[in-house]
Amino acid sequence: DVQYSDIDYMDRQVDFTIGTSFSGLPALINKIKAEGMRFIIILDPAISANETNYPAFTRGVDNNVFIKRPDTNEILYSKVWSFLPNVQINESLPHETQVELYAAHAAFPDFFRNSTVEWWKKEILEVYNNPNDSRSLKFDGLWIDMNEPAAFVRGAVDGCRNDLLNNPPYMPHLGSRELGLAYKTICMEAQQYLADGTPVRHYDVHNLYGWSQTKPTLEALQSVTKERGIVITRSTYPSSGRWSGHWLGDNTAAWDQLPKSVVGTWQEKGLHPWHHRIMEWFGLGGTLKLIHFPRQSNTASLTPLLFQRQDPVAWDARFQEASRHVLNIRYTLLPYLYTLLHDAHAQGSTVVRPLLHEFVEDRKTWDIDQQFLWGPALLISPVMKPNTQSVEAYFPDARWYDYHTETETGFRGQLQNLPAPLEHINLHIRGGYILPWQSPANTTFYSRKNAMGLTVALDDALFAEGHLYWDDGVRIGTS
């Protein structure tokens with residue numbers, strides 16, 4: 001029950017701005033929040049250097065926040081799609097040509113520096129509490145993107161200057177091994193500084209760029225909203241989960257990407273679905289894309305065909321009912337999912353996990369990557385192929401109950417062919433566990449007021465255990 005806004009809301013994709021066609025966005029956010037929903041906006045790290053009056057860039061220069069060249073101490077400028085000052089896009093041109101013609105100079109903040117952290121927080125504060133109240137965006141969360149850091153030139157607009165760092169003797173598999181480590185990112189010799197002033201090369205901290213942006217973003221969010229909030233980041237590194245969720249970037253919902261997305265949920269993910277496959281994608285995404293959110297994304301693409309409505313009510317009654325069914329299951333199980341997420345935060349356990357993690361001695365589980373579990377107790381067996389009405393599901397050696405009928409299946413240590421019509425998702429509860437649940441409502445704000453219950457699934461010894469973590473979902477510092 002969150003509305004996300006991608007870069008379209010900005011003025012020409014420039015951070016900390018609102019485009020003229022989105023002048024009503026502040027009022028819309030207030031209306032949505034009054035109805036019990038939440039709102040999340042996106043921010044990219046690259047800051048446009050092409051504007052005639054852009055305070056965020058000017059203040060960034062004044063506070064020495066941008067990554068520079070080590071030899072000249074000049075800001076290292078890249079290109080990021082797309083700051084387009086006074087430029088009309090020629091849609092007849094190939095996309096790559098458009099990028100080269102219209103992408104503009106941009107500077108990347110160095111989030112290791114204390115000055116950058118303070119600058120970033122102040123810019124976010126001004127978006128939330130704009131001096132012109134009609135332009136204040138009262139967001140609840142922040143979605144940070146392009147923070148690999150990603151660019152649309154190799155290294156910098158005037159090239160890289162250290163061939164050894166950008167083309168080392170051993171070259172990992174990248175988008176282009178021929179173009180080196182600076183392919184679609186900044187030069188490896190770029191100069192950054194740790195918080196204590198120690199100089200470091202971008203080469204040494206490249207994989208930490210998104211990590212370094214995440215904690216300041218959460219601190220800024222909580223400072224302005226006075227609530228726990230959420231940050232979703234595309235680039236992470238071990239320990240990023242302390243401050244953020246992770247999305248894997250966009251995909252095109254091709255069939256071969258569906259099983260990859262299941263593996264992605266074990267590491268977190270994001271999604272771009274569309275029609276003939278959208279029922280399966282929505283079923284998988286709505287119920288099973290679990291680490292942080294089931295999110296359906298659409299955009300005013302340069303390719304008009306892609307700009308088709310994809311929300312559930314855009315399709316027929318069958319699809320709408322199936323979508324409603326899927327989301328009702330998710331909302332019903334939110335207390336269990338919420339508990340798993342807290343356990344992950346407090347103890348480092350996994351939320352979505354492969355069968356291998358629970359049944360490590362069963363070698364048959366070692367190669368299963370198209371089924372998975374919520375925590376230890378809920379087995380999920382989605383369809384992964386087009387025009388398929390059944391699924392081969394493996395049931396490890398345990399007592400399993402059908403989630404929908406609450407009856408024991410009798411399946412254990414075996415493969416089983418299960419009916420899988422579009423309206424049905426195969427879910428099974430593992431004996432020995434207790435799942436907390438709650439009656440669903442239109443949004444979590446209202447569902448949290450509903451009655452709660454427990455589903456007790458006994459094991460062979462007629463025993464079951466479970467636990468529930470519950471708080472108000474808002475306050476900072478609860479544990």
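Q: Which residues does S235 touch, not counting residues up to four places away in sequence?
A: Contact means heavy atoms within 4.5 Å. By that test, S235 touches N147, E148, G210 and W211. The residue sits in the loop between strand 9 (230–233) and strand 10 (245–246).

Q: What kind of model is this, and how are residues numbered?
A: This is a predicted model, in which local features need pLDDT of at least 70 and side-chain atom pairs count only at pLDDT 80 or more, while totals for chains, interfaces and linings use all residues. Residues are numbered from 1 along each chain as its sequence is written, and side-chain values use heavy atoms, with hydrogens and water left out.

Q: Is S235 buried or exposed?
A: Buried means under 20% relative accessible area, exposed means over 50%, and partly exposed is in between (1.4 Å probe, protein chains only). S235 has a relative accessible area of 9%, so it is buried.

Q: Where is E123 found, and what does it touch?
A: E123 is found in helix 4. Its relative accessibility is 4%, so E123 counts as buried. Leaving aside residues up to four places away in sequence, E123 touches F16, A56 and R59.

Q: How many helices and strands are there in the protein?
A: Both are DSSP runs, numbered from the N terminus: helices are H or I with at least four residues, strands are E with at least two. The protein has 13 helices and 19 strands. Of its 479 residues, 49% are buried. Take contacts between residues at least 6 apart in sequence: 64% of them join residues at least 24 apart.

Q: What describes two packed helices?
A: The angle between their axes and the distance between the axes. Axes are lines fitted to C-alpha atoms, for helices over the stretch in contact, and angles run from 0 to 180 degrees between N-to-C directions. Here, take helix 10 (residues 317–332) and helix 11 (residues 334–347): their axes come within 5 Å and cross at roughly 55°. That makes helix 10 oblique to helix 11. The classes are these: under 35 degrees is roughly parallel, over 145 roughly antiparallel, 65 to 115 roughly perpendicular, and the rest oblique.

Q: Which residues make the contact of helix 10 and helix 11?
A: Helix 10 supplies R330, Y331 and T332, and helix 11 supplies L334, P335 and L337. By class, the contact has four nonpolar, one polar and one charged residues. Ala, Val, Leu, Ile, Met, Phe, Trp, Tyr, Cys and Pro count as nonpolar; Asp, Glu, Lys and Arg as charged; the others, Gly among them, as polar.

Q: What span is expected for helix 10, and what span does it reach?
A: The expected span is 1.5 Å times one less than the number of residues. Helix 10 has 16 residues and reaches 22 Å from first C-alpha to last, close to the 22 Å expected. Helix 11 has 14 residues and reaches 19 Å, close to the 20 Å expected.

Q: Which residues of helix 10 and helix 11 are buried?
A: In helix 10, they are F319, A322, S323, V326, I329, R330, Y331 and T332. In helix 11, they are L334, P335, Y336, L337, Y338, T339, L340, H342 and D343.

Q: What follows helix 11?
A: G348 does, with a positive phi near 80°.

Q: How many salt bridges does the structure hold?
A: A salt bridge is a side-chain nitrogen of Lys or Arg within 4 Å of a carboxyl oxygen of Asp or Glu. The structure holds 26 of them. In one, D140 pairs with R38, with the closest N and O atoms 2.9 Å apart. D140 lies in the loop between helix 4 (114–128) and strand 6 (141–144) and R38 in strand 2 (residues 38–43), so the pair ties together parts 102 residues apart in sequence. D140 counts as buried at 10% relative accessibility; R38 is partly exposed at 30%.

Q: What does the salt bridge of D460 with R399 tie together?
A: The closest N and O atoms of D460 and R399 are 3.3 Å apart. D460 lies in the segment after strand 19 (452–457) and R399 in the loop between strand 14 (390–395) and strand 15 (400–402), so the pair ties together parts 61 residues apart in sequence. D460 counts as partly exposed at 49% relative accessibility, whereas R399 counts as buried at 18%.

Q: Which residues are linked in a network of salt bridges?
A: R69, D71, D158, R161 and E189 are. The side chains of D158 and R161 meet at 3.3 Å, N to O. D158 is partly exposed at 47%, and R161 counts as partly exposed at 45%.
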